[in-house]
Amino acid sequence: MTKIAPLGASVEARLAGADSRIFVFLQAWRMARGDLAMPLRSAFDPMTVRGLLPYLWIYRFDPDRDDYVVRLAGEEINNAWGRSIKGLTMREIVGDQDYPIMRARWDNILGTPLIHYGASSERLSALDTRRAERMLTPLADNDGTPNHILGISLYRISPTDTSHPSLEPEDITQIPCSEV
């Protein structure tokens, strides 16, 4: 079951133990949002988090492809996947087995809207197993249509417990934007 922290707890308390860069990213997202449920894509200026650019990525839902497509991927994201992922779809990146779960999560991020935080060990490419810590946030087009996922992924090489599948629901915390 996905962790839902008690109402009234601050986001920082709900995400106790998260890397401090996650909170820098979240603060920039909050500033871009203003009074809206989620920021407009044009309101989020990546230069406000210049030091995080290698870890940032943006996907946009493309109705013609019926999938999320990478619009931007920082250097550390591409390194973790072992190649440039710009222009690829979510399905092409995560594969057919993980796609339905990921797609449902991302549709929920935009549809609720909510922020999504997770940390787990995973094998992203034929390279090393890495500890991944991520925050995913919704963005809307200028007309208010929620259709972008903006995220930060922090990776580090680490030993992993192969008996524990990556990113199980207990590894995830979701917080509705109305509470952020």
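Residues are numbered from 1 along each chain as its sequence is written, and side-chain values use heavy atoms, with hydrogens and water left out. In this predicted model, local features need pLDDT of at least 70 and side-chain atom pairs count only at pLDDT 80 or more, while totals for chains, interfaces and linings use all residues.

User: In which sense do E1 and E2 pair?
Analyst: Strands are DSSP runs of E, at least two residues, and helices are runs of H or I, at least four, numbered from the N terminus. Two strands pair if DSSP finds at least two bridges between them. E1 (residues 56–62) and E2 share 6 bridges, and their sense is antiparallel.

User: Which residue in the hairpin of E1 and E2 takes a positive phi?
Analyst: The hairpin has 4 residues between its strands. The phi near 50° belongs to Asp66.

User: Is Gly74 buried or exposed?
Analyst: Gly74 lies in the loop between E2 and H3 (75–81). Buried means under 20% relative accessible area, exposed over 50%, partly exposed in between (1.4 Å probe, protein chains only). Gly74 has 8%, so this residue is buried.
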